[in-house]
Amino acid sequence: MTARPLHFNAFIWPNGYHESAWRVVDDDVRGVLGLPYYADIARIAERGLMDTVFLADNIAIAEYRATHLPQTQFDPISVLSALAAVTSHIGLIGTGSTTYSKPWELARRFATLDHLSGGRAGWNIVTTVTPLAAANFGEPIHPDHADRYARAHEFVDVVRRAWDSWEDDAIIGDRERGVWADRSKLHAPRFHGQYYDVEGVLPFPRSPQGNPVLVQAGQSGPGIALAARYADLVFSGPPSLEAAVEFRAEVHAQAAAAGRDPAQVLVLPALMVTLGGTEAEAQEKARRLEELTSPEFRWQNTLYTAGLDPDAFDPDVPLPAELWTGQSAPSSRAELLYAAARARPDASLRDVAGRLTGGAGQIHFVGTPEQLAEHVIAWQDAGAVDGFTIMGSTLPYELMTFVDHVVPILQCKGRFRTEYSGTTLRDHLGLQRPVVPGEARR
Ligand SMILES: Cc1cc2nc3c(=O)[nH]c(=O)nc-3n(C[C@H](O)[C@H](O)[C@H](O)COP(=O)(O)O)c2cc1C
C-alpha cells in the first residue's frame, strides 16, 4: 500500500441511519431488538475488514422519537460484549457519558470489554447533549456546555489512571511462593480532583491494549480541544471538503501543541451512504427514503440533537430570541440552529429547524460504489480524512454493498487492507500501545 491506509468504522443503528429506513426494509420490525441483528452487521463489517463497529448511546430519549423511529438504545457495552463472542478481529467501540457515569466504573467496564475481546475495545467519549438525562440520573440540573467539557477532561484523565493502575508485567503466577501478582507493580490512582475522587486500582490487571482506543465526536471548540488532548479517533467533521481539511489540520495542530504525534489522531467523520448499481438507482432509493420523512419529526429531532427539549417549544412561532441572544449554546449543533434563527427571525421554528438535519450532521452520499470510492480517495488525498464512519442509510443492506463493492475497488487501488495484520484495534489503526507512565506522571 503506497498511500496512507484508509480506515472504516461501521455505525450500527436500527434498520439503518436514515429516519425512514425502518419503513422501507422488509425485515421484521422487531428484529432490531435481537442479537442476530447486531451479529449480522458486525460479521458483514468484519468480512469487509473494516476497523470497527460502533454503537452510540443516548441515555434519555425524548418520547416523540418512539413514534417515528425504532427505539433500541441498549447498553452499548453489553451488546459489544456479545459481539466480541461472535467476531474475532473487528474493533468494538461503544459510547459512554462523562457527565452521567462514574470514572472508575466506566474504566472497569471498558477494560473488561478489552480483556474479553482480546484487545478490541474503544470508548466514544461523550458529554451528553440532552438535558433530559439529568432527571433520569436524579440530578437537579444538566451541566452547561463549558462545565460538561471541564468535567470530561478530568474524567478522561482519571479513567486513564485507572487503566494504568497495574503495570503490564504485574502477574507473576508463582505457585511455588504463592504470589499471583507483584504488588509493587500496582499503582493506585489516589486521584482527588475538582470533580472526581478515585482512590484504588482496578480489580484486574491491565487490559490487552493498555488503554482501550479513545474516540471523540464533538465539533465545538471545547470538543476539538478534548479530542486533541486525548482522542485516538475523531468521528466528527464539517460537511464541506474545505472545512473538513481545516478541521483535521486544527485537530492535528492542537494535538501537536499538547505534545502528541498528530499522525496518531485519525479523523473518520460520519458519512451516510445510499448506493446503487447506477446513479439513477441510488437516487431513486434516496428519493424514496426522503419521501417518507415526517416534517414533524424533522423539527423535533433538530432540537433534540442540539440539546433542547422539543416538548418545551411551540413550532408555529419563531424560536424565542432570548435563546440566540446572549446565552451560550448547549452544543455546536445548537449554534447552527441559533444562526439559522438569527438569519430568519420571523420564520417559524418548524420551518427553520426543519431545514437543518438532525442526527450527527453527516453528509448523505448517494451514488454508485465507484463514485463512493472516488469520493473517499479525493477526501483522503485532500487531507480531509483518514477514512469514514460509514452509516448505511438502510442496514444491513447498504453496509453489504459497501463491503462487497466499494471495499474491493479500494483494495485494487492499494488504498485498503486485504487482510487484518494484527489482532487488536490499535493494530488495525496503526496506533501505539500506551505504556504505563513513570512515577513522575502518576
Ligand atoms: C458520529 C457521531 C456519533 C455521536 N454519537 C453520540 C452518542 O452516541 N451519544 C451522544 O450523546 N452524543 C453523540 N454524538 C454527539 C457528540 O458526541 C457531541 O456531544 C455533540 O456533537 C455536541 O458536542 P459539541 O458541542 O462539542 O459538538 C455523536 C456525534 C457524532 C458526529
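Predicted model: local features only at pLDDT ≥ 70, side-chain atom pairs only at ≥ 80, totals over all residues.
Hi everyone, a definition to begin: a polar contact here is a pair of N or O atoms within 3.5 Å.

An N or O atom in the side chain of serine 332 sits 2.4 Å from an oxygen atom of the ligand, so the pair falls within 3.5 Å and counts as a polar contact. Serine 220 also uses its side chain: one of its N or O atoms is 2.5 Å from an oxygen atom of the ligand. Aspartate 57 takes part through its backbone, where an N or O atom lies 2.7 Å from a nitrogen atom of the ligand. How much of the ligand's accessible area does the protein cover? On its own the ligand has 620 Å², and the protein covers 90% of that.

Now the shell as a whole. There are 18 residues around the ligand, and the closest are Asp57, Tyr149, Gln219, Ser220 and Ser332. By type, the shell residues divide into 8 nonpolar, 9 polar and 1 charged.

Next, the aromatic rings. The count for this model comes to 19 aromatic pairs. One of them joins phenylalanine 11 and phenylalanine 54, edge-to-face, with 4.9 Å centre to centre and 70° between the planes. Phenylalanine 11 belongs to strand E1 (residues 7–12) and phenylalanine 54 to strand E2 (residues 52–55), so this pair ties together parts that are 43 residues apart in sequence. Are these two rings buried or exposed? Phenylalanine 11 is buried, at a relative accessible area of 9%, and phenylalanine 54 is buried as well, at 4%.

A second pair brings us back to the elements we met around the ligand. Tryptophan 123 and tryptophan 163 are also edge-to-face, at 6.4 Å centre to centre with 90° between the planes. Tryptophan 123 is in strand E4 and tryptophan 163 in helix H7, so the pair links distant parts of the chain, 40 residues apart. Tryptophan 123 is buried at 0% relative accessibility, and tryptophan 163 is buried at 2%. Both belong to a cluster, linked by ring pairs, that is made up of Phe110, Trp123, Phe155, Trp163, Tyr195 and Tyr196. Elsewhere, arginine 229 lies over the face of tyrosine 230, at 5.0 Å from the ring centre.

One loop residue deserves a mention too. Glutamine 264 lies between helix H9 (241–257) and strand E11 (266–267), and at 15% relative accessibility it counts as buried. A polar atom of the glutamine 264 side chain is 2.8 Å from the backbone nitrogen of glutamine 432.

Let me finish with the backbone. Most residues other than glycine have a negative phi, and most peptide bonds are trans. Which peptide bond is cis here? The one from leucine 395 to proline 396, with omega near 5°. Proline 396 sits in the loop between strand E14 (387–392) and helix H16 (397–412).

For phi, threonine 128 has a positive value near 70°. This threonine 128 is in the loop between E4 and helix H6 (133–136), and it is buried at 11% relative accessibility. Arginine 190 also has a positive phi, of about 40°. Its loop runs between strand E6 (179–181) and strand E7 (191–192), and arginine 190 is exposed, with a relative accessible area of 54%.

Conventions:
Residues numbered from 1 in each chain as written. Heavy atoms only, no water. Near = heavy atom within 4 Å. Polar contact = N/O pair within 3.5 Å; in protein donor to acceptor, adjacent residues only side chain to side chain. Areas by Shrake-Rupley, 256 points an atom, 1.4 Å probe, with all protein chains shown as cover. Nonpolar A, V, L, I, M, F, W, Y, C, P; charged D, E, K, R; others polar. Phe/Tyr/Trp six-rings, centres within 6.5 Å; stacked < 30°, edge-to-face > 60°. Helix = DSSP H or I, 4+ residues; strand = E, 2+ residues; numbered from the N terminus. Buried < 20%, exposed > 50% of the residue type's maximum accessible area, 1.4 Å probe, protein only. Lys NZ or Arg CZ within 6 Å of the ring centre and 35° of its normal.
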